[in-house]
Amino acid sequence: MSKLKRKDYEPLLEPLQVELAQMAQWAAATGQRILVLFEGRDTAGKGGAIKAVSEHLNPRQCRVVALPKPTEREASQWYFQRYVSHLPAAGEIVLFDRSWYNRAGVERIMGFATSAQVKAFLQQAPVFEKQLVDDGILLFKYWLSCDQVQQEKRFAERREDPLKGWKLSPIDLKARELYGDYTAAREAMLKATHTKDAPWTLVDFNDQKLGRLTLIRDLIDRLPDTHMDAEPIDFPSLPGKPKKERFGMVKPLTDFPLSKKKKD
């Protein structure tokens, strides 16, 4: 099956983003708290999915959380502690680009957590998430999947593209050899943490554009009715002619050159 082309993708994405904007207005008006976890393999497309969800939402309301590795102090705390301060308040939408599930994935595979720590996490995560849900947070957990052939293509793109090179780390390179280990870790994670209160949703991201559409449609469909009639905004005419911008002591920069004259 051929991948979805951009010219076909964008007309399908736009109405979904309109619905997301309505969802945000509904959350603000009702005080709902929305929390979405984006997990998955390296290169699966978490960043692109998060951008598709958030790019037309108010950044004061919709926050993206992508935490670095724990500091020495954070590493000494209760494991979930550093995530708690980022949870949504009333009317907020929080999107986690990776989350506490690092412990069940990269930390487990790369040896950053002991087997006892991983076992404790898998026991505690459902309890922690039930507390969030019982307190009224709308929690959604998405796992973005892709085959190793696609993963290899995307790693190669990151290596060659100067705009994506920052995404390629030594851990990513090591992960190439451990595709099967990550599969086993994911299945153990799902077995322990796919619960009635906080179920997982797996989305095929071999075609990232199609995956984004699938994920957003699912997210919207699982929320209550978020439609709100927009209040009319009075937009009277200006009292006079529109004014031009005027400058005093400091002048604007010269415009970026759109073309250069060839030298003789």
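A: Start with two definitions. Helices (H or I, at least four residues) and strands (E, at least two) are DSSP runs, numbered from the N terminus. The expected span of a helix is 1.5 Å times one less than its number of residues.

Q: What kind of model is this, and how are residues numbered?

A: The model is predicted: local features need pLDDT of at least 70, side-chain atom pairs count only at pLDDT 80 or more, and totals for chains, interfaces and linings use all residues. Residues are numbered from 1 along each chain as its sequence is written, and side-chain values use heavy atoms, with hydrogens and water left out.

Q: How far should helix H7 span?

A: Helix H7 covers residues 148–160, which is 13 residues.

Q: Which residues of H7 are buried?

A: Buried means under 20% relative accessible area, exposed over 50%, and partly exposed in between (1.4 Å probe, protein chains only). In H7, the buried residues are Gln150, Gln151, Arg154, Phe155 and Arg158. They cover an arc of only 140° around the axis, so they sit on the same side of H7. That arc is taken from the directions from the helix axis to the C-beta atoms.

Q: Why do residues three or four places apart point the same way?

A: An α-helix has 3.6 residues a turn, so residues at that spacing point the same way.

Q: What lies on the other face of H7, and what do its buried residues pack against?

A: The face turned away from the buried side carries the exposed Val149, Arg159 and Glu160. The buried residues pack against helix H8 (170–175), helix H9 (179–193) and helix H10 (208–222). Contact means heavy atoms within 4.5 Å.

Q: Is Thr193 buried or exposed?

A: Thr193 lies in helix H9. Its relative accessible area is 0%, so Thr193 is buried.

Q: Which backbone oxygen does the side chain of Thr193 reach?

A: A polar contact is a pair of N or O atoms within 3.5 Å; within protein, one must be able to donate a hydrogen and the other to accept it, and residues adjacent in sequence count only if both atoms are side-chain atoms. The side chain of Thr193 reaches the backbone oxygen of Met189 at 2.6 Å. Likewise, the side chain of Arg82 reaches the backbone oxygen of Pro68 at 2.9 Å.
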